[in-house]
There are 4 protein chains.
Amino acid sequence: MASKTFYAVIAGVGAGTGRSVALKFAKTYPVVLLARNPESYGDIVEEIVDAGGRAVGITTDVTSQESVESAFAQIQKTEGFAGAGLAAAIYNVSGGFGGRKPFLETSIDDLDASLSANPRGLYLFAKSALPLLLQSVPESPNPPTLIVTGATASTRGSAFFSGFAVGKFAKRGLTQSLAREFHPRGVHVAHAIIDAVIDIPRTRGFTVNNGVPDGKLDPNAIADEYWHLHTQHRSGFTQEIDLRPYVEKF
Amino acid sequence: MASKTFYAVIAGVGAGTGRSVALKFAKTYPVVLLARNPESYGDIVEEIVDAGGRAVGITTDVTSQESVESAFAQIQKTEGFAGAGLAAAIYNVSGGFGGRKPFLETSIDDLDASLSANPRGLYLFAKSALPLLLQSVPESPNPPTLIVTGATASTRGSAFFSGFAVGKFAKRGLTQSLAREFHPRGVHVAHAIIDAVIDIPRTRGFTVNNGVPDGKLDPNAIADEYWHLHTQHRSGFTQEIDLRPYVEKF
Amino acid sequence: MASKTFYAVIAGVGAGTGRSVALKFAKTYPVVLLARNPESYGDIVEEIVDAGGRAVGITTDVTSQESVESAFAQIQKTEGFAGAGLAAAIYNVSGGFGGRKPFLETSIDDLDASLSANPRGLYLFAKSALPLLLQSVPESPNPPTLIVTGATASTRGSAFFSGFAVGKFAKRGLTQSLAREFHPRGVHVAHAIIDAVIDIPRTRGFTVNNGVPDGKLDPNAIADEYWHLHTQHRSGFTQEIDLRPYVEKF
Amino acid sequence: MASKTFYAVIAGVGAGTGRSVALKFAKTYPVVLLARNPESYGDIVEEIVDAGGRAVGITTDVTSQESVESAFAQIQKTEGFAGAGLAAAIYNVSGGFGGRKPFLETSIDDLDASLSANPRGLYLFAKSALPLLLQSVPESPNPPTLIVTGATASTRGSAFFSGFAVGKFAKRGLTQSLAREFHPRGVHVAHAIIDAVIDIPRTRGFTVNNGVPDGKLDPNAIADEYWHLHTQHRSGFTQEIDLRPYVEKF
């Protein structure tokens with residue numbers, strides 16, 4: 001008798017961390033990639049399928065309840081995912097916040113963008129994912145896991161980054177609350193403080209940490225870390241990690 | 001020649017902390033009380049005026065940009081406040097979050113209520129108050145001050161309190177960011193972690209800390225603390241305090 | 001019938017914070033000043049007495065159990081203190097740690113100096129002071145208080161400051177533990193994170209924060225803060241405060 | 001040409017975490033086990049050797065500079081370790097603190113025991129290990145690593161645990177300072193907050209978390225975690241992790 005299939009869903013997939021996480025989890029699970037635009041996941045789906053894996057992308061606006069619920073409904077109707085169990089859900093959405101600027105030059109739209117993509121999107125994603133993760137507890141090969149990508153601003157509100165801090169703090173508070181509620185039910189909820197410039201196409205030209213080798217964080221290192229969190233035994237869950245290049249000041 | 005008049009504005013005035021803070025600051029300054037309903041500030045305005053102070057209440061929805069801007073515009077047109085400088089702005093709004101409940105029984109409205117009243121309301125309030133506080137730096141008798149009321153949930157996301165934590169974390173992140181930006185410009189920005197059941201009419205029947213005397217936090221103690229923060233010299237600003245009854249577990 | 005007399009004891013008195021704290025508390029209480037060398041307290045005792053207060057200095061090595069116990073025994077035999085109650089005990093000892101240097105250039109003596117003056121000295125001081133503070137709970141005009149001076153290094157271990165961090169972290173851990181044990185018994189235990197260069201004779205020539213006015217922390221501001229902590233009502237104890245000049249980066 | 005050999009050294013080896021860590025690292029490296037008594041490491045050395053690994057135990061008092069220096073000197077003279085490079089150093093010493101008791105019933109010996117085994121022992125161990133770890137940076141297969149075992153008490157000073165907290169806080173402060181100094185030089189320094197009763201022979205009879213399966217932390221899970229930290233790429237170092245059973249309250 002065939003054993004049950006398990007899959008992973010990653011929200012916030014693009015050219016950086018999301019892609020690396022998707023490729024990493026796709027080595028073991030079929031993966032669902034959520035992004036606002038098909039261009040964000042198209043190539044990655046192709047890359048996974050070409051390598052012999054299974055992947056599907058769903059265009060989703062994580063800040064919309066209807067869109068998130070529709071995405072999760074669609075997963076259940078997709079070949080290879082219908083009837084499968086959810087083993088891991090990664091919330092890697094960041095969203096904008098208007099960029100570094102003096103508080104008095106920010107607008108309420110900057111703040112709303114940060115609140116929408118961070119706590120609100122995570123809320124909607126978790127609301128759909130957690131019931132499925134709970135269902136997977138008895139049979140999942142690894143403890144079902146919800147991982148949330150945070151930043152330095154998750155624990156430190158810096159000057160001129162009010163919009164950034166407000167969203168990251170909120171997301172961390174929500175993640176902690178979920179960990180305390182769902183750990184005892186067998187679902188691992190972890191928060192990662194990414195304290196680095198990530199080495200992705202968009203940052204290729206940036207000189208970081210004086211340009212020393214490995215001065216930017218390799219997104220594959222983040223993916224390895226998320227996979228490691230997912231495979232922790234339930235006798236030892238890590239709720240929060242930090243991750244930064246060896247040369248990063250902190 | 002008469003010296004310039006300075007006033008304080010308190011958002012989130014009701015039967016508890018807001019009232020005590022208003023009465024405390026009214027001993028020195030004319031005060032503006034903002035609340036969603038006139039019943040929340042009516043008696044307090046009367047109490048202050050009867051005691052020889054000056055107070056005005058303005059019905060305000062702090063989650064609405066228009067309403068907050070209109071409230072601040074109205075202050076400038078009010079007798080006794082027109083031409084005066086803002087010495088202290090207190091953000092004491094809490095808002096609802098749907099109460100303690102399992103995450104999967106919460107609704108997006110619970111989350112939105114918490115985000116609206118906490119980071120979003122603080123954002124709008126700070127956006128109107130900070131330019132006035134900056135203007136007061138040269139002449140204010142005490143460093144112009146923005147004080148934000150937080151809670152235990154500002155640093156700890158507890159199980160079944162996801163909506164509460166999300167708003168309080170966000171508010172703390174925003175406050176920290178503002179402190180780092182505005183302290184060097186002379187405006188004191190402080191965050192108070194209220195780790196207690198406050199002794200107000202609504203909690204009178206609650207048995208807290210086994211009912212021992214002073215087991216609930218006297219709102220007048222909070223008011224004293226806020227006044228103390230306001231009067232700190234700029235050579236020594238406190239950015240964050242905690243406050244709890246002697247018998248409170250922490 | 002005369003009411004009971006209460007006094008304060010300050011360990012770590014010299015030209016800076018200790019002096020300011022002593023002068024502040026001496027306005028209300030007779031004070032005992034502990035320092036390793038008589039030169040550290042001689043002038044301050046004189047200054048207090050000249051101003052009409054009561055003060056006594058006792059040469060004490062806070063890192064020696066015998067010396068600390070002897071100091072407290074001597075207090076009980078000193079005119080004006082015999083039979084009096086202890087209202088406040090301030091631990092302001094810092095001690096050396098060998099200064100900023102690479103870890104591999106430090107010696108075990110640097111580490112031991114920091115451990116002796118910080119957690120070990122605080123332990124011995126608290127061991128003698130807490131029984132007296134407990135006795136004062138019923139009659140003291142303010143909740144009996146133990147205040148401990150910390151630093152930025154109490155929560156952050158910086159590079160090249162290993163010896164500094166080790167002592168400050170330890171002192172904070174001990175203070176927290178004491179707060180959780182003694183708050184419910186009515187003794188207020190507070191920790192102050194002093195995040196600043198203090199404006200004392202030794203730092204007069206230092207250019208701090210570009211030399212702007214009030215860029216160093218006035219020790220009298222620290223003393224005011226300690227007095228404020230001491231006078232907090234037991235319905236609202238603050239366990240930890242930070243204190244830094246408005247221009248200080250944090 | 002044979003490539004250079006690398007080894008690991010583990011201080012604080014006994015029936016629990018130290019044993020699991022030794023067995024884990026022994027799968028890849030020759031290991032040195034330090035413990036105060038030969039009985040603590042004898043069986044483990046045998047177990048490793050029987051499994052085809054290489055291990056040596058050295059009786060060491062980590063609180064004595066002479067003893068620690070002598071142990072590291074002996075490593076250099078031991079067959080299989082002479083000329084080898086140090087890849088990982090684990091400080092897993094805990095030491096006593098007199099157990100849970102009211103502060104006023106503790107003795108200075110309880111405090112000194114905690115300070116000796118925690119910050120002082122770590123200091124001496126790091127002083128000998130870090131120069132060797134630095135030498136290994138260019139050739140070590142994984143970034144040379146110093147890992148320190150902490151506890152819940154590393155960030156929270158609980159009532160009746162003053163001696164425990166004082167040592168754990170101090171050790172964490174020292175570890176942070178070392179991380180900030182040695183990360184940029186290529187040595188990974190990590191601190192693990194073990195928030196659990198560990199499932200070892202000594203705790204076998206304890207009912208923890210209502211006796212549910214996996215309610216105690218499996219020491220092999222800690223060992224896996226330490227190995228994972230050791231194998232992190234330098235573009236993404238984790239400085240601190242927490243680890244607790246899924247049912248552990250936090």
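Contact here means heavy atoms within 4.5 Å. The structure described is a predicted model.

Chain A has six helices and seven strands. Read from the N terminus, its elements follow the order β-α-β-α-β-α-β-α-β-α-β-α-β. The radius of gyration of chain A is 18 Å, close to the 18 Å that the globule rule gives for 250 residues, so chain A is as compact as a globular protein of that length. Along the principal axes, the C-alpha atoms of chain A fill a box of roughly 60 × 40 × 35 Å.

Of the 250 residues in chain A, 62% are buried. Contacts between residues at least 6 apart in sequence were also examined in chain A. Of these, 69% join residues at least 24 apart. The accessible surface of chain A is about 9,200 Å². Carbon and sulfur atoms account for 48% of that surface. Chain A carries 23 positive and 24 negative charges.

The size of an interface is often given as the accessible area lost when the parts come together. For chain B and chain A, about 3,400 Å² is buried between them. Carbon and sulfur atoms make up 67% of this buried area. On the chain B side, F103(B), L104(B) and Y123(B) lose the most area to chain A. Together these three residues supply 20% of what that side buries. The contact involves 40 residues from chain A and 40 residues from chain B.

Within chain B, helix α1 spans residues 17–26. This helix is mostly covered, with seven of its ten residues buried. The buried residues of α1(B) are T17(B), G18(B), S20(B), V21(B), A22(B), F25(B) and A26(B). Their cover includes both strands and helices of chain B. Among the strands are β1 (6–11), β2 (31–35) and β4 (85–91). Among the helices are α2 (38–50) and α6 (219–231).

A221(D) has a relative accessibility of 14%. Buried means under 20%, so A221(D) counts as buried. Leaving out residues up to four places away in sequence, A221(D) touches L243(D) in its own chain and S235(A) in chain A. A221(D) and L23(D) are 198 residues apart along the chain. Their C-alpha atoms are separated by 12 Å.

Two serines of chain C were also examined. S154(C) sits in a loop of chain C, between β5 (145–151) and α5 (162–182). At 0% relative accessibility, S154(C) is buried. Not counting residues up to four places away in sequence, S154(C) touches K168(C), F169(C), R172(C) and H191(C). K168(C), F169(C) and R172(C) fall within the range given for α5 of chain C.

S67(C) belongs to helix α3 of chain C, residues 65–77. Its relative accessibility is 18%. That value is under 20%, so S67(C) also counts as buried. Apart from neighbours within four places in sequence, S67(C) is in contact with T59(C), T60(C) and D61(C).

Notes:
Residues are numbered from 1 along each chain as its sequence is written. Chains are lettered from A and ligands numbered from 1 in the order in which they are written. This is a predicted model: local features need pLDDT of at least 70, side-chain atom pairs count only at pLDDT 80 or more; totals for chains, interfaces and linings use all residues. Side-chain values use heavy atoms; hydrogens and water are left out. Helices (H or I, at least four residues) and strands (E, at least two) are DSSP runs, numbered from the N terminus. The radius of gyration is taken over C-alpha atoms; the globule rule is 2.2 Å times the number of residues to the power 0.38. Buried means under 20% relative accessible area, exposed over 50%, partly exposed in between (1.4 Å probe, protein chains only). Accessible areas come from the Shrake-Rupley method with a 1.4 Å probe; for residues, only the protein chains shown count as cover. Lys and Arg count as positive and Asp and Glu as negative; His and the chain ends are not counted. The place of a charge is taken as NZ of Lys, CZ of Arg, CG of Asp or CD of Glu. Buried area is the accessible area (1.4 Å probe) that two parts lose on being put together, summed over both.
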